[in-house]
Amino acid sequence: MSGQNVAEETELISAAQQGNVDAFNELVLVYQQRVYNVAYHIMADPAAAADAAQDAFVSAFQAISRFRGGSFRSYLLRIVTNTCYDEMRRRKRRPTASFEDFGELDEDANPVLVNGHEGPEELAERQEMAEVIQAAIEMLPPDQRTTLVLSDVQGLAYEEIAEVTGASLGTVKSRLARARGKVRDYLAEHGELLPARYRPRDEDPER
Amino acid sequence: MARRNGVTRRERERLTELLSAYLDGQLADSERARLEERLAADASLRAELESLRQTVSLLGELPKVAVPRNFILPRATVTATRTVQRSSARRPLLAPVLTAATSLATLLFGVVLTGELVLTGLGGYATLSEPGGADSAPLSAPAAQTDTPTPAAVGSHQDALPPSPTVEAAPTIVAAGDGNGEDDQGERYSMDSPTPSPEPGLGGGGAPVSDTLQAPTGVLGGGEGEEAATSTPAAVGEEAAEPVAVQDEGALERAREPNGPAAIAPLWAWRAAETGLGLAALALGAAAVFAWRARRR
């Protein structure tokens, strides 16, 4: 984020802290994509992710007077991950919507993937790849899942992940390593599900 | 996939952690140098690192998912949710209070209806039919208290009246639990005939008459019991308080009754009170149900 953007964001935040919804909504527009994507990968359910994102923005606005500087992105991501955890706990307690619904992406509701210039075939392959990887992410326990999504899908640094999840750097490091190891093993077992160009090349010289 | 003989799961995890941190450039210089030495010497370790790198790269290739809609907050929603939030802080109290209010309204309704039925049963017809009802009513109603034991009915009323608070309290609970159809029928009939003489022998005077007096409450109690039951589980707790209230209200009612003419005359006032209390009880009951549901959510 450029210096000008930072100044603008600071201004919007302080306006929102005065109760200015319009100012807050400008921040929503800036961050909604990221917030929704994090919720999407954690919840693995587009509708639940949308609800979580919306709830997170409402909570973020309600609590914005308590925001004391620092990274606004981290602030939002912390709220949305907590919202997702709450929802997952709630579902676990009262599994009215069964865990199967919860764990699998609805194929009919295939999300529109944001990616510019791709042919239909490439797009289809990419979508296929996304489904396999999402399935791998879903089998992770929530802490590891969140850490992996924040790090490898969202590209956050360890420090920011620690800030978002409230864990120490060491914990982030080990959660991430375990998550990556499990996803790797999953892909090794289910590699045939991946489109050819995404398949891990086995470069083990011993084989 | 590299599988290294003799490497325990724990060691493998530590190795993965090392490689994972190495990929992110998170190793201290000395650690990194040591790992790079090992990598240079160990092909399977290199393969392990490579598989991890591929995994991370695949994750990074996950396409961004488009937002299904804008998440901007409409102003009205924000103010509404703020209000809701504030009220939800008090929500723990809301449901029980509504339940209590429902019970109270139901109880008052029952008491008022009982009172009205008793009064019309005793002298209300005369009061209603004659403009000078104020004259005819005292004939029957105060008869009960003015120690003039003429007909059997009046005499038994006299028996029933003094201990009424306690006598009434007990049947309310029984009746609320289960409105026994046959009994209610009989009691209703006995209410219809101004003199409840047919069934009670004189010997059993006290008890049957108190039943007779209780009948309307019993009939009502059945209905309201249901309502209270549907509304909340906490109604059970509330139930305990009811008999006390019944006693109080009953006592009030009795105190009012002897003043017959004044109390009986405005029948429309009884009806209005019944309607008002009945509606209030229904509305409160519905609100209580919603409050409990919202609370559970």
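**Exercise 1. Find which residues of α7(A) meet which residues of α9(A) in this predicted model.**

Solution. 
- Start on the α7(A) side: A:D143, A:Q144, A:R145, A:T147, A:L148 and A:S151 take part.
- Cross to α9(A): their partners there are A:V172, A:R175, A:L176, A:R178, A:A179, A:R180 and A:V183.
- Sort the contact by class: five residues are nonpolar, three polar and five charged.

**Exercise 2. Work out how helices α7 and α9 of chain A are oriented to each other.**

Solution. 
- Locate the helices: α7 covers residues 142-153 of chain A, and α9 covers residues 169-189.
- Take the geometry: the axes lie 8 Å apart, at an angle of about 90 degrees.
- Apply the cut-off: angles of 65 to 115 degrees count as roughly perpendicular.
- Conclude: α7(A) is therefore roughly perpendicular to α9(A).

**Exercise 3. Describe the fold of chain A in outline.**

Solution. 
- Count the elements: chain A has nine helices and one strand.
- Check burial: 37% of the 207 residues of chain A count as buried.
- Look at contacts with a separation of 6 or more: in chain A, 62% of them join residues 24 or more positions apart.

**Exercise 4. Describe the side of chain B that touches chain A.**

Solution. 
- Count both sides: chain B brings 37 residues to the contact, and chain A brings 47.
- Name the elements of chain B that supply at least two residues each: α1 (9-23), α3 (43-61), β1 (64-65) and α4 (75-89).
- Pick out the top contributor: α3(B) gives the most, with 12 residues.

Note on methods: Residues are numbered from 1 along each chain as its sequence is written. Chains are lettered from A and ligands numbered from 1 in the order in which they are written. This is a predicted model: local features need pLDDT of at least 70, side-chain atom pairs count only at pLDDT 80 or more; totals for chains, interfaces and linings use all residues. Axes are lines fitted to C-alpha atoms, for helices over the stretch in contact, and angles run from 0 to 180 degrees between N-to-C directions. Helices (H or I, at least four residues) and strands (E, at least two) are DSSP runs, numbered from the N terminus. Angles under 35 degrees count as roughly parallel, over 145 as roughly antiparallel, 65 to 115 as roughly perpendicular and the rest as oblique. Two residues are in contact if their C-beta atoms, placed from the backbone, lie within 7 Å. Ala, Val, Leu, Ile, Met, Phe, Trp, Tyr, Cys and Pro count as nonpolar, Asp, Glu, Lys and Arg as charged, and the others, Gly among them, as polar. A residue is buried if 20 or more other C-beta atoms lie within 10 Å of its own, exposed if 12 or fewer, and partly exposed in between; C-beta atoms are placed from the backbone.
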